[in-house]
Amino acid sequence: MSDKAKKEEDEKKKKLAEEGDDEEEDTTSEGEDEGDEGDEEDGDDAADEKPAAKAPPVAAREAPKVSASFARNLWTITKREFAGYFNSALAYIVISASMVLFGLYFFFYQGGIWQVDRASMSRMFDFVPAWICFLTIPLFTMRAMSEEKRLGTIELLITLPVRDSEVVLGKYLGALGVLVVQIALLAIYPIAMFKFPWNMGAFDWGPFWSSMFGLFLMGAAGIAIGMLYSGMTESQIVSYFATASTLLILFFIGSLVQFVKGWPGEVISFFSFQTRYEPFSRGLIDTRAVVYFVSVTVLCLLESFRQLEGRRWR
């Protein structure tokens, strides 16, 4: 073989070797590229795969439903009780008779407001609290639970899908709503005398509104006491006299404070509705009196709830 042929053969081998090296490099680079793409895809998948949100606890999911159900049932019972008072003549008679007596006392008793040297409603608020304790609150609460017991509908009521707390609060708010209507009507007197149609001079509205607020708090506590007695008996008469007696005692024991000195007098003053109400009639908001009336209300409602709950298990 000639030198020329050998040289050509060596060049062919060299070219083949170089082509083999190029293919290996291409294969290696392609593998690296595929590996990079695989890593990117895995990274994207890992980023897309976020941890699933944990489902809220069962109690958290059911809480809004329970709240909505409670509010709906409470509103239904309250509306039913409130309408029940005005479906009978009792509310109309009590409110109308009260307004007439308030007017007579305010305008004519011992010369009425005409003997007072200033524009004030203090004379009326000397009489209204005792009247509410003696007549209005006992009449509005005597049938709250007693009538249900007498007719036997209390058994049906506690078997319905409503809570005992909804029944007690619904009946309480219904009676309280009627009392609020009567208290709100007292605003007719100062509006008529000092705004329209007469204008008898400047009127200090501060003591008037504080007195109204005090009446509301005292009335709220009184209705809770009436609910408590109404749940204890099937007789409306017994419920009426028990409520009226308790409220009158709590109101008028304040008159004994001036005769009883020392710690006994302080105890009497602490429990007296009259003593607690006096700051409101002077235009002051006594936080201790607010706490006292709210505490009486809550305690009596809790006891009423306990009575109804105990009846469910008998």
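**Core packing and salt bridges**

In this predicted model, residue A221 touches F273, F293, V296 and T297 when residues up to four places away in sequence are not counted. A221 lies in helix α9, and it counts as buried because its relative accessibility is 0%, which falls under the 20% limit. The C-alpha atom of A221 is separated by 9.5 Å from that of L301, although the two residues are 80 residues apart along the chain.

The largest nonpolar core of the structure has 68 residues, and those with the most contacts inside it are L186, L215, F273 and F293. Helix α9, which spans residues 205-230, gives the most to this core, with 12 residues. For L215, once neighbours within four places in sequence are left aside, the contacts are with F125, V128, P129, I132, I183, L186 and Y277.

Charged side chains were examined next. Side chains of opposite charge can pair when their charged atoms come close. A search of the whole structure finds five salt bridges. One of them joins E81 and R80, with an N to O distance of 2.7 Å; E81 counts as buried at 5% relative accessibility, whereas R80 is partly exposed at 47%. A salt bridge also links K171 and E81, at 2.9 Å from N to O, and because K171 lies in helix α7 (residues 164-185) and E81 in helix α2 (residues 58-86), this pair ties together parts that are 90 residues apart in sequence. Both K171 and E81 are buried.

A salt bridge is also formed by D286 and R288, whose closest N and O atoms are 3.4 Å apart. Through shared partners, salt bridges join R80, E81 and K171 into one network.

Key
Residues are numbered from 1 along each chain as its sequence is written. This is a predicted model: local features need pLDDT of at least 70, side-chain atom pairs count only at pLDDT 80 or more; totals for chains, interfaces and linings use all residues. Side-chain values use heavy atoms; hydrogens and water are left out. A nonpolar core is a set of buried Ala, Val, Leu, Ile, Met, Phe, Trp, Tyr and Cys residues joined through side-chain atoms within 4.5 Å. Buried means under 20% relative accessible area, exposed over 50%, partly exposed in between (1.4 Å probe, protein chains only). Helices (H or I, at least four residues) and strands (E, at least two) are DSSP runs, numbered from the N terminus. Contact means heavy atoms within 4.5 Å. A salt bridge is a side-chain nitrogen of Lys or Arg within 4 Å of a carboxyl oxygen of Asp or Glu.
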